[in-house]
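Here is a short briefing to read alongside the coordinates. Please keep the viewer open and follow the topics one by one.

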Amino acid sequence: MKNIVVQVTDASFENDVLRSQTPVLVFFWAVWAGPLEIIHPIVELIGIEYAGRLRVAKFYIDQNTKMPTNYNVKDVPTLIIFKKGILTATKVGTLPLKQLREFIDSNL
């Protein structure tokens, strides 16, 4: 199965996220953050489940610092939903699959 979650960087953020006609869930992460072992597979599953309705993107903050600063990302994981280039919702911390679905559904 093709990886449905895209890797986004500072350089690609405007094109991949802000110009997207489809809402985008951006998953800000870092290798050193422990809960990521739990949420990484959940984010991948969300990418599959919401294909066509929501783009899912991973943003590695240790190699890209501009966008986390622009969007006040101080802790990881942070999940931000963008619609037509506008930040519409933010969640900080690890969420179980059911709660992540509820967060997304209430903000699509």
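By the ring-pairing rule, the count comes to 6 aromatic pairs in this predicted model.

**Aromatic rings**
- Phe13 and Tyr71 make a tilted pair, with 5.7 Å centre to centre and 35° between the planes.
- This pair links distant parts of the chain, since Phe13 sits in helix α1 and Tyr71 in the loop between α3 (66–70) and β4, 58 residues apart.
- Is Phe13 buried or exposed? Phe13 counts as buried because its relative accessibility is 0%.
- Tyr71, at 22% relative accessibility, counts as partly exposed.
- Ring pairs also join Phe13, Phe28, Phe59, Tyr71 and Phe82 into a cluster.

**Nonpolar core**
- The largest nonpolar core has 37 residues, and those touching the most other members are Phe13, Leu25, Phe28, Ile46, Leu79 and Ile104.
- At least two core residues come from each of β1 (5–8), α1 (13–18), β2 (24–29), α2 (36–49), β3 (55–60), β4 (78–83) and α4 (97–105).
- Which element gives the most to this core? That is β2, with 6 residues.
- Setting aside neighbours within four places in sequence, Ile46 is in contact with Leu25, Leu54, Val56, Leu97, Leu100, Arg101 and Ile104.

**The sheet**
- An open sheet is formed by 5 strands in the order β1-β3-β2-β4-β5, with mixed pairing.
- β1 and β5 stand at the edges with a single partner strand each, so one side of each has no neighbour in the sheet.
- Direction ignored, neighbouring strands of the sheet are turned by 25° against each other on average.
- β1 and β3 run parallel and are joined by 4 bridges.

- α2 lies across β1, β2, β3 and β4, and runs at about 160° to β2.
- α4 packs on the sheet too, where it touches β2, β4 and β5, and its direction makes about 25° with that of β4.
- Within α4, the residues Leu97, Leu100, Phe103 and Ile104 are buried.
- Why do they lie on the same side of α4? They cover an arc of only 120° around the axis, which puts them on the same side of the helix.
- The cover over the buried residues of α4 includes β2, α2, β4 and β5 (86–92).

Terms used:
Residues numbered from 1 in each chain as written. Predicted model: local features only at pLDDT ≥ 70, side-chain atom pairs only at ≥ 80, totals over all residues. Heavy atoms only, no water. Core = buried A, V, L, I, M, F, W, Y, C linked by side-chain atoms within 4.5 Å. Buried < 20%, exposed > 50% of the residue type's maximum accessible area, 1.4 Å probe, protein only. Contact = heavy atoms within 4.5 Å. Phe/Tyr/Trp six-rings, centres within 6.5 Å; stacked < 30°, edge-to-face > 60°. Arc of directions from axis to C-beta. Pairing = 2+ DSSP bridges. Axes fitted to C-alpha atoms, helices over the stretch in contact; angles between N-to-C directions.
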